[in-house]
Structure formats: C-alpha cells, structure tokens
Amino acid sequence: MRSDPGREVILPLLQLQGVFRNELRSDEWGYGALDGRPIPDDYIDIHSVPGYVDEIVLASDGYPVVLPSLAESEARLSELLKEDPLCIGPLRATKGVQPGSRSYDDRAYVRIAV
C-alpha cells in the first residue's frame with residue numbers, strides 16, 4: 001500500500017488527463033466535469049424525471065455502488081474496501097487505499113427526495 005508501482009507507471013497519464021476536461025474535442029478522450037468552468041453542451045445530458053419518481057440519488061465515482069441511502073452506500077463501499085484494499089479486483093481503480101485514508105477516492109452523495 002505504501003509503494004504502488006502500477007500507479008507510478010500511469011501517473012504521468014493521469015496528470016495529463018485534465019487537458020481533456022471540459023474541452024470540446026472530436027475524439028473519445030474528452031469529458032465533462034463539474035469544476036467551476038463552463039461545460040460544453042456535448043457533455044450535458046438532460047433526462048426527464050417521470051412523475052412517479054419521488055427521489056433521485058446522485059453520487060461521484062468514489063462510490064462504486066450507489067444505493068438508496070448514504071448509509072447503505074457507505075456500508076457497501078466498506079465491504080468492497082475490506083475485500084479489495086489495493087483496488088486491483090472488484091474496485092479496479094487507479095490507486096488503492098493509502099495509509100491513513102479510509103477510501104481510495106474522495107466521494108460525494110446527494111439524495112433529493114420530494
């Protein structure tokens with residue numbers, strides 16, 4: 001966990017990926033992100049919410065499984081981290097849990113209920 005040779009190999013690519021964020025590109029590498037800059041329309045999807053829906057859950061990629069409640073999502077994340085702290089199995093991330101950290105990534109969870 002202290003030394004991650006795979007992460008070291010891909011780190012230069014990870015550091016460069018930001019050049020594709022919120023930049024309109026004709027190739028497959030561009031992507032939109034909420035980072036304070038304008039997001040090109042090509043990266044915005046608008047979905048109608050059916051009238052029978054009374055709650056929506058939005059979560060960042062720090063939650064590999066998004067469940068109806070924060071407690072359930074955190075519990076599932078904890079189970080996965082116990083099973084795969086290096087994030088080389090089911091979690092398959094670019095880094096594992098670092099010493100002193102509780103997870104491999106930051107995370108955000110929003111539940112909007114009517």
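The model is predicted, so local features need pLDDT of at least 70 and side-chain atom pairs pLDDT 80 or more, while totals for chains, interfaces and linings use all residues. Residues are numbered from 1 along each chain as its sequence is written, and side-chain values use heavy atoms, without hydrogens or water.

**Helix α1.** Select residues 5-16. Helices are DSSP runs of H or I with at least four residues, strands are E runs with at least two, and numbering starts at the N terminus. None of the twelve residues of α1 is buried (buried: under 20% relative accessible area; exposed: over 50%; partly exposed: in between; 1.4 Å probe, protein chains only).

**The aromatic pair.** Select tyrosine 63 and tyrosine 109. The structure holds one aromatic pair, and these two rings form it edge-to-face, at 5.8 Å centre to centre and 75 degrees between the planes. Rings of Phe, Tyr and Trp (its six-membered ring) pair with centres within 6.5 Å; planes under 30 degrees apart are stacked, over 60 edge-to-face, the rest tilted. Tyrosine 63 sits in the loop between β1 and α2 (70-83) and tyrosine 109 in strand β2, so the pair ties together parts 46 residues apart in sequence. Both tyrosine 63 and tyrosine 109 are buried.

**Serine 103.** Go to the loop between α2 and β2, where serine 103 is found. Serine 103 is buried, at 9% relative accessible area. Beyond its neighbours within four places in sequence, serine 103 is in contact with Leu77, Leu81 and Val97 (contact: heavy atoms within 4.5 Å).

**Salt bridges.** The count is six, each a side-chain nitrogen of Lys or Arg within 4 Å of a carboxyl oxygen of Asp or Glu. Select glutamate 74 and arginine 107: their side chains meet at 2.9 Å, N to O. This pair links distant parts of the chain, from helix α2 to the loop between α2 and β2, 33 residues apart. Next, show arginine 76 and glutamate 79, bridged at 3.0 Å, N to O. Both lie in helix α2, three residues apart, about one turn of the helix. Last, aspartate 35 and arginine 37 form a salt bridge at 3.1 Å, N to O. Aspartate 35 is partly exposed, at 31% relative accessibility. Arginine 37 is also partly exposed, at 35%.
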